[in-house]
Amino acid sequence: MTDLIIGIDLGTTNSAVGVVESGFPILLADEDGKRITPSVVWLGEAGGIEIGRNALRRRTLEPGRVITSIKRLMGRRFDEAPDFCAPILPTAGGGVSVLGRSPEEISSEILKELKRIAEWRLDTVIGKAVITVPAYFNDAQRAATKHAGELAGLEVVRILNEPTAAALAYGLDKLAEKSRVAVYDFGGGTFDLSILEMQGGVFQVLATHGDTRLGGDDLDTALVAMVAAKADVDLAAMSDSARVRLIEEAERVKRLLSSEDKAVFRAPFYDGSRSLEMEIERTEFEALLRPWIERTLRHCRQAMADAALTPADLNAIVLVGGSTRVPAVRKAVAELFGREPDLTQHPDEAIALGAAIQAGVMNGSLRQMVLLDVTPLSLGIETFGGLMNVLIPRNTTIPCKAGEMFTNAAAGQQSMRIRVLQGEREMARDNWELGNFEVGFEPLAKGQARVGVQFRIDENGILEVLARDVSTGIDKVVTIRNSAVDVDDAAVEAMVSESVEHAFDDMAERIFTEARLKAEELLPAVEVVLSQGLASDEERVEIEAASDAVRSALSSGSANPLKAAVQRLDHATEGLAARLVERAMEEALERRLAGD
Ligand code: ADP
Ligand code: MG
């Protein structure tokens, strides 16, 4: 067995497997040259099993024994199980079983097939995998996916979020600092929109929104319903295999309409005796799928609102999932975001490719080309609230220097401890401390002291940290012994992967901490301002309501509501703050005039 790790997109409709070979991520094709395997399992009455296209072929003959979209049941209890293609039964533990098997077991059959394809292509035994899941999968769904991997004989070294995998595949990690991208994933059974931001060469997830029951399958069903209605055919009275025939034909027609203006829906003897034939125009189909596209757009708007962003704040849009091949979908997304989406990857292969890249990073087969003269990880110092404040981002070419001004957190404070940190995590405690020292300054009111901190890395990779009390001009220079540049590759990879893995939690904690600091500053200031009697009644009511909202969000401990409440309070006091400044200026002017 090799240490090679494969990357797997275990999709609702389709799955794929990839690996990094000679430094490049590739997908592995089966004996027929197909890089995509339908996530379909046929469970024969006598114990036989077929996977993928072979299983699909049996769907019209034995619709009840062909399992599709098993991902919908992963980690679900019986009482929360969605409609399904086959009868489901409760298990003793409250789980579900389909034809006597658990969803994990059925998924593991798909994973076994992908493992088999990889082993056949690579001619070696594979034991480890990275598997992707939708960003909003809960713990139970993630655990079930991991378990399915184990049942297939794979150690699941990472459960990776699909949008992060997609972003990796599109090479978005090469975008500039602070670039933001939206990943619009419209597959066969799930939809989600995620917004990621580049920080120090690493993705941070700003927001994600979606629906586990929204996908291309819905478009197929809608098309069948439309055709049936027009031909006056009663779908409810139809046998399962007849319905499957129509759905398969609908999918074929749908795909055709992605490139043609019209297509003929043709189902001869679909129920043994009757036939259907009907020409469908693309415009007609587009009108039909409008409500589903609208639903995806609503999730997009919600995600943008959660991240407090407008389309102009985004640097790229990428489309993944087979349903984004529908021109009307592309057009709607381009309109909503006001820019053309990035189409450089196959939308249905991007996630598996990204999983392969993550796998390659983890087993060391994908190395950054040039590590010698760039900072392998970000360098910064700890600031208020235990946050990491990056001064030199990861991948900055050396020699380099960067600085920032800091201030005192408390009145009368006489010194500040500078903790020099290395790493990609949002909270100081999760990064590595390279050293620390104390810098003294003149005691002043809170926020009045000025301490400049500068990092300087010379051509030998030696990091020097300079701290200066701006009021006295006194410098303190410390050379950091621990290397800022020569870091073990494996450690760098571990840090970067960790930051990707914790992106959601880290981001939430940073948003909360920043909002909390702001709230702690704002609340007492608002009290003072209100007591000066400059506020109108209307302003006072809104300011008090906003202050209450901030207090309750503070105690609830959740990040986005607190951020929103602080913004509301900030906004509510804007007019008042402006009047205060005006009044102060007038007073100063009067004093000056009086003094003259
Ligand atoms: P999932 O991530 O849900 O496993 P995929 O990303 O592979 O699925 O997307 C599968 C969906 O994409 C199916 O509903 C399929 O019909 C649809 N699809 C694939 N190609 C096209 C196309 N050319 N036009 C429209 N829909 C397509
Ligand atoms: Mg998918």
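Q: What makes up the area buried between domain 1 and domain 2?
A: In this predicted model, the area is about 1600 Å². Carbon and sulfur atoms give 57% of that area. In domain 1, Thr60, Leu289 and Trp292 lose the most area to domain 2, together 37% of what that side buries.

Q: Why is the link between Asp217 and Arg72 called a salt bridge?
A: The cut-off is 4 Å between a side-chain nitrogen of Lys or Arg and a carboxyl oxygen of Asp or Glu. The closest N and O atoms of Asp217 and Arg72 are 3.8 Å apart. That lies within 4 Å, so the pair counts as a salt bridge.

Q: How many salt bridges and polar contacts are counted between domain 1 and domain 2?
A: The count is 2 salt bridges. There are also 11 residue pairs in polar contact, both residues at pLDDT 80 or more. Helix 7 (282-306) and helix 8 (327-337) each supply at least two residues of the side of domain 1 that touches domain 2. Helix 7 gives the most, with 4 residues.

Q: What makes Tyr184 and Ile195 stand out in the largest nonpolar core?
A: This core has 70 residues, and Tyr184 and Ile195 are among those with the most contacts inside it. Helix 11 (residues 503-531) gives the most to this core, with 10 residues. A second, separate core has 36 residues, including Ile8 and Val41.

Methods:
Residues numbered from 1 in each chain as written. Chains lettered and ligands numbered in written order. Heavy atoms only, no water. Core = buried A, V, L, I, M, F, W, Y, C linked by side-chain atoms within 4.5 Å. Buried < 20%, exposed > 50% of the residue type's maximum accessible area, 1.4 Å probe, protein only. Buried area = accessible area lost by both parts, 1.4 Å probe. Polar contact = N/O pair within 3.5 Å; in protein donor to acceptor, adjacent residues only side chain to side chain.
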